[in-house]
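This report describes a single chain, from its overall make-up down to individual side chains. The sequence and the model come first.

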Amino acid sequence: MLELTQRVGPVETAEIHDHLTLPFELRMRGRLRAKTDTGYDVGLFLDRGPVLREGAFLQAESGEIIRIRAADEPVVTAYIEPGLAMARLCYHLGNRHVALQIGATGSDDQAKTGKTGWVRFPPDHVLEELAERLGATLEHHRAPFDPEPGAYAQAGEGKSHGHSHSHSHSHGHGHDHSH
């Protein structure tokens, strides 16, 4: 079994030993046993916290490099007009603390839906109804799910961000969140 213990930066294609394709739920874990795309047993022994992103590279103690791939999984893609409509959709879905992947359509998708932006999330009938009420056209399908990282994770990549104060705020949906 290869023991994958280190995250490494971009590498040359020739250095890649194998690929490990995982759904988002498993890419959030620092400890995991799995099989590579060619059937090789691997164990992840990584620092906890950072999510394994599509295209990330891990190195085994023995030197092999494994590239991470986001697996196709059940998702809902909500197509919507850019600008204010997209901002409203992202705000309302994000206010429900759901992981979101945000993107722009290619010309084929735009021709099919007539809309240029999209938001992807795990299937959930409440979120789907909300998205439709806000003007989105929904597509249920299987696709890689690689949601936006948290703002602090993106800005610091591995650096911590601490608060020495606390506050709470109401989201207007029947309960408060304390930070």
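## Overall make-up

Of the 179 residues of the chain, 35% count as buried; buried means under 20% relative accessible area, exposed over 50%, and partly exposed in between, with a 1.4 Å probe and protein chains only. The model is predicted, and local features need pLDDT of at least 70, side-chain atom pairs count only at pLDDT 80 or more, and totals for chains, interfaces and linings use all residues. Residues are numbered from 1 along each chain as its sequence is written, and side-chain values use heavy atoms, with hydrogens and water left out.

The chain has five helices and 12 strands. Helices (H or I, at least four residues) and strands (E, at least two) are DSSP runs, numbered from the N terminus. Among contacts between residues at least 6 apart in sequence, 63% join residues at least 24 apart; a contact means heavy atoms within 4.5 Å.

Six strands form an open sheet with mixed pairing, in the order 2-6-5-1-4-3. Strand 2 (16–22) and strand 3 (31–35) each have a single partner strand, so one side of each is left without a neighbour in the sheet. From one strand to the next, the twist averages 35 degrees. Axes for such angles are lines fitted to C-alpha atoms, for helices over the stretch in contact, and angles run from 0 to 180 degrees between N-to-C directions.

Two strands count as paired if DSSP finds at least two bridges between them. Strand 5 (residues 57–60) and strand 6 (residues 65–70) pair in the antiparallel sense over three bridges. In this pair, F57 stands opposite R67 in strand 6.

## Helix 2

The buried residues of helix 2 (residues 84–94) are M86, L89, C90 and L93. They lie on the same side of helix 2 because they cover an arc of only 95 degrees around the axis, the arc being that of the directions from the helix axis to the C-beta atoms. An α-helix has 3.6 residues a turn, so residues three or four places apart point the same way.

The cover over the buried residues of helix 2 includes strand 7 (72–80), strand 8 (101–104), strand 9 (117–121) and helix 4 (125–133). L84 and Y91, on the other side of helix 2, are exposed.

## R27 and its partners

R27 is in helix 1 (residues 24–27). Its relative accessibility is 0%, so R27 counts as buried. Leaving aside neighbours within four places in sequence, the residues in contact with R27 include V51, L52, I68, A70 and F145. The side chain of R27 also reaches the backbone oxygen of L22 at 3.1 Å. This is a polar contact, meaning a pair of N or O atoms within 3.5 Å; within protein, one must be able to donate a hydrogen and the other to accept it, and residues adjacent in sequence count only if both atoms are side-chain atoms.

R27 forms a salt bridge with D146, with the closest N and O atoms 3.0 Å apart. The two residues are 119 residues apart, with D146 in the loop between strand 10 (137–144) and helix 5 (151–156). D146 is partly exposed, at 21% relative accessibility. R27, R53 and D146 are linked in a network of salt bridges.

## Other salt bridges

A search of the whole structure finds six salt bridges, each a side-chain nitrogen of Lys or Arg within 4 Å of a carboxyl oxygen of Asp or Glu. One of them joins D37 and R69, whose closest N and O atoms are 3.2 Å apart. D37 is in the loop between strand 3 and strand 4 (41–45), and R69 is in strand 6, 32 residues apart. D37 is partly exposed at 37%, as is R69 at 35%.

The side chains of R133 and E129 meet in a salt bridge at 3.3 Å, N to O. Both lie in helix 4, four residues apart, about one turn of the helix. R133 is exposed at 61% relative accessibility, whereas E129 is partly exposed at 45%.

## T77 in strand 7

T77 lies in strand 7 and is buried, with a relative accessible area of 0%. Its side chain makes a polar contact with the side chain of H141, at 2.7 Å. Not counting residues up to four places away in sequence, T77 also touches W118, V119, R120, T137, L138 and E139. The C-alpha atoms of T77 and I102 are separated by 9.3 Å, the two residues being 25 residues apart along the chain.
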